[in-house]
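Me: I'm new to this one and would like a guided tour. Please start with the terms I'll need, then let me ask about the strands, helices and pockets.

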Amino acid sequence: MSNLNEVYQNIEKACQDSQRQSKDVTLVAVSKTYGIDAIEPFILEGQKTFGENRVQEAVEKFIPLKEKYPDLKLHLIGPLQTNKVKDAVALFDVIESVDRLELAEKLAKEMKKQGKNIPCFIQVNTGKEPQKSGCFPEDVEKFTQSCLDLGLNVIGLMCIPPKDEEPSAHFAFLKKLAKKVNLHELSMGMSADYTIAVEQGATFVRVGSALFGPRG
């Protein structure tokens with residue numbers, strides 16, 4: 001499992017370079033499109049936190065995996081449709097893609113119904129890309145307050161920078177936004193830029209292809 005070791009070593013180095021503790025950074029192994037056979041070796045190697053983009057795909061893989069390995073933590077990192085909220089609340093331990101009031105309201109209602117208090121991130125569209133999910137930066141303060149008023153357990157902000165722009169500026173911007181709204185967790189950085197994200201203060205990094213290999 002050399003890929004997993006390499007990613008952890010890179011996180012450790014990035015933490016040292018930025019005078020941070022590596023224990024303050026959680027690796028979310030993004031297992032979308034990969035089956036149980038590909039995921040299980042990482043679990044046996046000690047990886048406990050995984051990320052999935054689609055609720056239905058995650059249900060098929062992680063209901064059996066969580067029965068076998070009850071200490072797994074599963075993050076929803078993709079867009080969440082309101083008709084999938086019930087299943088998402090039942091399965092996921094963290095929801096990273098809260099981006100609109102309608103979704104926040106349905107999540108709050110469903111968590112109350114299921115007796116859960118799942119940590120949530122607000123997804124921020126830092127590049128204001130029309131094709132991408134996430135609330136715009138200027139709306140973060142108001143939206144965060146609305147989510148808190150609904151009773152959601154909002155712990156941080158998440159972003160996916162534009163592919164053609166320098167990611168460090170977006171990561172620094174997200175950190176600044178989080179400080180403004182008094183949130184302490186930052187989910188940012190993927191396979192191509194997770195070390196930059198760590199240096200900019202990420203507390204969660206979402207790494208897929210650097211672990212599992214190129215997706216088909």
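Reply: First, two strands pair if DSSP finds at least two bridges between them. Helices (H or I, at least four residues) and strands (E, at least two) are DSSP runs, numbered from the N terminus. Heads up: this is a predicted model, where local features need pLDDT of at least 70 and side-chain atom pairs count only at pLDDT 80 or more, while totals for chains, interfaces and linings use all residues. Residues are numbered from 1 along each chain as its sequence is written, and side-chain values use heavy atoms, with hydrogens and water left out.

Me: OK, in which sense do β1 and β2 pair?
Reply: Strand β1 takes in residues 26-30, and its A29 stands opposite F50 in β2. Over two bridges, the sense in which β1 and β2 pair is parallel.

Me: And in β2, are T49, G51, F50 and E52 buried or exposed?
Reply: Buried means under 20% relative accessible area, exposed over 50%, and partly exposed in between (1.4 Å probe, protein chains only). Strand β2 covers residues 49-52, with T49 and G51 on one side and F50 and E52 on the other. Both faces are covered, and these four residues are all buried.

Me: Which residue of β5 is the bridge partner of V98?
Reply: β4 and β5 pair in the parallel sense over two bridges. β5 is mostly covered, with five of its six residues buried. As for V98, its bridge partner in β5 is I122.

Me: How far apart in space are V124 and V98, C-alpha to C-alpha?
Reply: V124 belongs to strand β5, residues 119-124, and it counts as buried because its relative accessibility is 1%. Leaving out residues up to four places away in sequence, its contacts (heavy atoms within 4.5 Å) include G134, C135, L157, I160 and L174. In sequence V124 and V98 are 26 residues apart, and their distance in space is 8.9 Å.

Me: Which elements do the buried residues of α7 pack against?
Reply: α7 has 14 residues and reaches 20 Å from its first C-alpha to its last, close to the 20 Å expected. Its buried residues include P167, F171, L174 and L177. They pack against β5, α6, β6 (153-159), β7 and α8 (194-199).

Me: Is N182 buried or exposed?
Reply: Most residues other than glycine have a negative phi. N182 has a positive phi of about 60° although it is not a glycine, and it sits in the loop between α7 and β7. Because its relative accessibility is 55%, N182 counts as exposed.

Me: What is the relative accessible area of K128?
Reply: K128 lies in the loop between β5 and α6. Its phi is positive too, near 50°. K128 is partly exposed, as its relative accessible area is 40%.

Me: What volume does the largest pocket have?
Reply: On a 1 Å grid over the protein atoms alone, a cavity is a set of points where a 1.4 Å probe fits but cannot get out, and a pocket is an open set with protein on both sides within 12 Å along at least five of seven lines; lining residues have an atom within 4 Å of a point. Grid points are joined across faces, edges and corners, and a volume is the space filled by probe spheres set on the points. Here 33 residues do the lining, and K32, N53, I77, I160 and M190 lie nearest the centre. The volume of the largest pocket is about 990 Å³.

Me: Which element gives the most to the lining of the second largest pocket?
Reply: The second largest pocket has a volume of about 170 Å³, and its lining includes R20, K175, L183 and T203. Two elements give two or more residues to that lining, α7 (167-180) and β7 (185-187). With three residues, the one that gives the most is α7.

Key:
The expected span of a helix is 1.5 Å times one less than its number of residues.
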